[in-house]
Amino acid sequence: QVQPVESGGGLVQAGGSLRLSCAASGRTFTTYTMGWFRQAPGKEREFVAAIHWNGGSPTYADSVKGRFTISRDNAKNSVYLQMNSLKPEDTAVYYCATDTQFKRWYVPRRPADFGSWGQGTQVTVSS
């Protein structure tokens, strides 16, 4: 089982950048699609980005497309989220999660398709 642990959150001014990291334990990391989600206070958890288990098909929510970049390093069992041009509306707890299906052929976007959630890392963007 792949268990993610996020890091890299913090406080940043609007227009700034942050890089989130997710270190995942488990020898099967390379066979699962990984995703990033976020949850703001009073709102439902929402999809941010995901990347296929083979490192291809990066997929983004419309709200972050062109500003965020997801990547993974299978040799390090890690996935990253580079966040540029941050906006106050990006403020949320960011979670890394593992696809529930082994070598799924497509990149899922629903929270229900992901399990093994990390504890989350807070990102706060001030205006």
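**Aromatic pairs**

The model is predicted: local features need pLDDT of at least 70 and side-chain atom pairs pLDDT 80 or more, while totals for chains, interfaces and linings use all residues. Residues are numbered from 1 along each chain as its sequence is written, and side-chain values use heavy atoms, without hydrogens and water.

The structure holds six aromatic pairs (Phe, Tyr or Trp rings, the six-membered one for Trp, with centres within 6.5 Å; planes under 30 degrees apart are stacked, over 60 edge-to-face, the rest tilted). The rings of Y32 and F102 lie 6.1 Å apart between centres with planes at 75 degrees, so this pair is edge-to-face. Y32 sits in the loop between β3 (18–25) and β4 (34–39), and F102 in the loop between β9 (92–99) and β10 (114–115), 70 residues apart. Y32 is buried at 18% relative accessible area, whereas F102 is partly exposed at 48%.

Y95 and W117 also pair edge-to-face, at 6.4 Å centre to centre and 85 degrees between the planes. Y95 belongs to strand β9, and W117 to the loop between β10 and β11 (121–126), 22 residues away. Y95 is buried, with a relative accessible area of 13%. Ring pairs join F37, F47, Y95, F114 and W117 into a cluster.

**Fold and burial**

Of its 127 residues, 46% count as buried.

Methods:
Buried < 20%, exposed > 50% of the residue type's maximum accessible area, 1.4 Å probe, protein only. Helix = DSSP H or I, 4+ residues; strand = E, 2+ residues; numbered from the N terminus.
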